[in-house]
Amino acid sequence: MFINEQQVVQLLNQIIAANQWVFIAALQLTGELLWLVNPLLFIWVWYSGASPHVQNTRSREAVHANRQRVLLAFLSASVAFALARFGSGLFARPRPFVELALQVPVSDEIWQGIVAALGSTGSFPGDVAAFWFAQAVVLRGAGRGIGWLTAGIGFVFVFLRMGLGYEYPTDVIAGVCLGVLLGTAVLLARHRLNWLTRPVLMMFGRFPVIMYPLALLFLFDITQRMAWLFAIIAVLLGI
Amino acid sequence: METWFLQLINHWIARSPATFYQALTMSDRMPWLMAAIVITALWYAGERGTVPTAPGKRTRLQNRTLVILTLASLMVGFILAKGLQGFWQRPRPLNDFPLQVPIEPSVWEAVRQSFFAVDSFPSDHAVMLFVLATGVIYVNKRMGLIVLVASIYFALLRIGLGFHWPLDIWAGACIGVLVMSVAILLEPIVHRLLFSLVLQFEYYPQVMYALAFLVVFELWRKFEDLFVLVSRVSG
C-alpha cells in the first residue's frame, strides 16, 4: 500500500494532537528548546576528555581533537542551515499547515503566532534537519555515542516538526541529505581546515578572557537561530 | 529636581527617532548581555595556579569564587528589587509624565502597555548593573571601571526613556552596591562552600559548564524562565 507524504504528516499530526499536553510539549521542544539543546551538546563535547587527575600529552590531544570537532561541527551546521534557508527561499514550498487540514489542540492565538512566524518561509529543504545532521556527522568521532545521540535528538525534532505540520517528509529527507553531505565534506577536509581551527584553538588557550565570552555570544546566537551571525554576514555582503 | 533631570536625559535621547530606537533596543537586553559577557570574562581572568605570583594579583580560582558570589548576589538583588517594586507601587514616568517620543505611536503604546503592570521603585536593572560593577571592581579595577561607566550609561538610558525616575535608579544602585558589599564581607564565611563548587568544574567540567551555560543564559533572559517555573510550581 502506498502512503503519500500528506498522509504521513496527517498521521504524525494525529499522534501528537491526540493529547493537548503532548502537542504543547512538541511546540515547546521544537521552539526554543531545540536551539538550547545544541549549545549544551557543544559544551559537553568541548569539555569531554579533560581530566583533573591526568594531564599528559595524550589527554591534551584528546581534548584538542574534541574541540576541533566542535568548531567544525559549528561550521558545518551553520553552512548547512544557511544553505537550507537559501534553498527554502528559492523553492518557496508552502508548509503543510498552510495546505493541509491539521488538528491543532491549542488556542488560536498561539497557533496564529506560529503560522505568522513560519508561514512566510518555505519548507524545502528542512533547515533544522540540515543543521542537526551536519553536526551529527562531525561529532560522531568525539565520543562514544555522541554522534548517535545528536542524530537521535535530530530525529525526534524532525518527527515532531512533521507532526506539527512544519515540514513534509521529503523536506526532512532533503535536509538530512544536505546536512550529512556537508558534515561529511567538512570531516573529510578537516586536515585542510587546520589553518582555521588551530589558530582559533590556540587563541582559546592564550586569550581565554576574550575568546570564551566570544564563544558565549556564538552559543547565544545559536539559541536565536543564528540571527545575529546572518545579520552580520548580510551587512558585510551588503545584502 | 527629579523631573528636571528626567527631562534633560529624555531630550538628549529623543533628539532623533534613530537615537530613540537605539536607546530602546540597548536598554532592554543589552545590560543583561553585558552581565553575561563580563561574568564569563571574569571566570577566565587571573593567574593559573593556586597562589598569586605577586601581591595584588589574583588567581583564577580566587576570581571564580567571586564570580559565583556575584551571580548569587545578582539573583538575590534582582528578586529583592522585584519584591520591593510590588511593595511601593510607584507608577513609571512613561505612564505618568509628558515625554518627548519621536517614534511611531503604536510602537510606543506597546512599550507602555508592557510596563503597566510593573512598578518603578527601585530599578531592577540598576540593582543588577551595580551588583555587577561592584563585584568586578573588587576583582579587577580597570575592567570594573569600564563596567561602571557602561552601567551608568544604561541607567541613564532607562531614565531618558521614561522607564524609571532618577530616584528609582539611585535606590537600585544603592541596593546593588549594598548587596554585593555584604556578599564580599560574607565571603570568608562561605569561602569553603564556594571553593568546593569551583572545584566541581575541574572534576565534572561537562556537567558543570553545561549548567553554568544555562545560568548565564537565564541571566541574559532576565531570569524569565526561572520566574515562569517558580510561578507555575507555586500555582
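Two residues are in contact if their C-beta atoms, placed from the backbone, lie within 7 Å. The model shown is predicted.

**View 1. Contacts of B:I39.**
Neighbours within four places in sequence are left aside here. What remains in contact with B:I39 is B:V67, B:T70, B:L71 and B:V216. B:I39 also belongs to the largest nonpolar core. There, B:I39 is among the residues that touch the most other members.

**View 2. The largest nonpolar core.**
This core holds 107 residues. Those touching the most other members are A:A80, A:A130, A:F133, A:A134, B:I39 and B:L132. Helix α6 (residues 127-139) of chain A supplies the largest share of the core, 11 residues.

**View 3. The side of chain B that touches chain A.**
Chain B brings 16 residues to the contact, and chain A brings 16 residues. On the chain B side, the elements giving two or more residues are α3 (30-43), α8 (166-203) and α9 (205-220) of chain B. The most comes from α9(B), with 8 residues. By class, the chain B side has 13 nonpolar, 2 polar and 1 charged residues.

**View 4. The crossing of α3(A) and α9(A).**
Helix α3 (residues 57-91) of chain A and helix α9 (residues 194-206) of chain A have axes that come within 10 Å. The two axes cross at roughly 115°. The crossing of α3(A) past α9(A) is right-handed. From α3(A), the residues that meet α9(A) are A:H64, A:R67, A:Q68, A:L71 and A:L72. Their partners in α9(A) are A:T197, A:V200 and A:L201. The contact of these helices divides into 4 nonpolar, 3 polar and 1 charged residues.

**View 5. B:A72 in helix α4 of chain B.**
B:A72 sits in helix α4 (residues 60-88) of chain B. Around B:A72, 15 other C-beta atoms lie within 10 Å. A buried residue needs 20 or more, and an exposed one has 12 or fewer. B:A72 falls in between, so B:A72 is partly exposed. B:I175 is 103 residues away from B:A72 along the chain. The C-alpha atoms of B:A72 and B:I175 are separated by 14 Å.

**View 6. Confidence along chain A.**
The average pLDDT of chain A is 89. In chain A, 95% of the residues score at least 70. Confidence in chain A is lowest in helix α5 (residues 108-118), at a mean of 85. Confidence in chain A is highest in helix α10 (residues 208-223), at 96.

Definitions and conventions: Residues are numbered from 1 along each chain as its sequence is written. Chains are lettered from A and ligands numbered from 1 in the order in which they are written. This is a predicted model: local features need pLDDT of at least 70, side-chain atom pairs count only at pLDDT 80 or more; totals for chains, interfaces and linings use all residues. Helices (H or I, at least four residues) and strands (E, at least two) are DSSP runs, numbered from the N terminus. Ala, Val, Leu, Ile, Met, Phe, Trp, Tyr, Cys and Pro count as nonpolar, Asp, Glu, Lys and Arg as charged, and the others, Gly among them, as polar. A nonpolar core is a set of buried Ala, Val, Leu, Ile, Met, Phe, Trp, Tyr and Cys residues joined through C-beta atoms within 7 Å. Axes are lines fitted to C-alpha atoms, for helices over the stretch in contact, and angles run from 0 to 180 degrees between N-to-C directions. A crossing is left-handed if the near helix is turned anticlockwise from the far one by less than a right angle, and right-handed if clockwise. pLDDT is the predictor's confidence in each residue, from 0 to 100.
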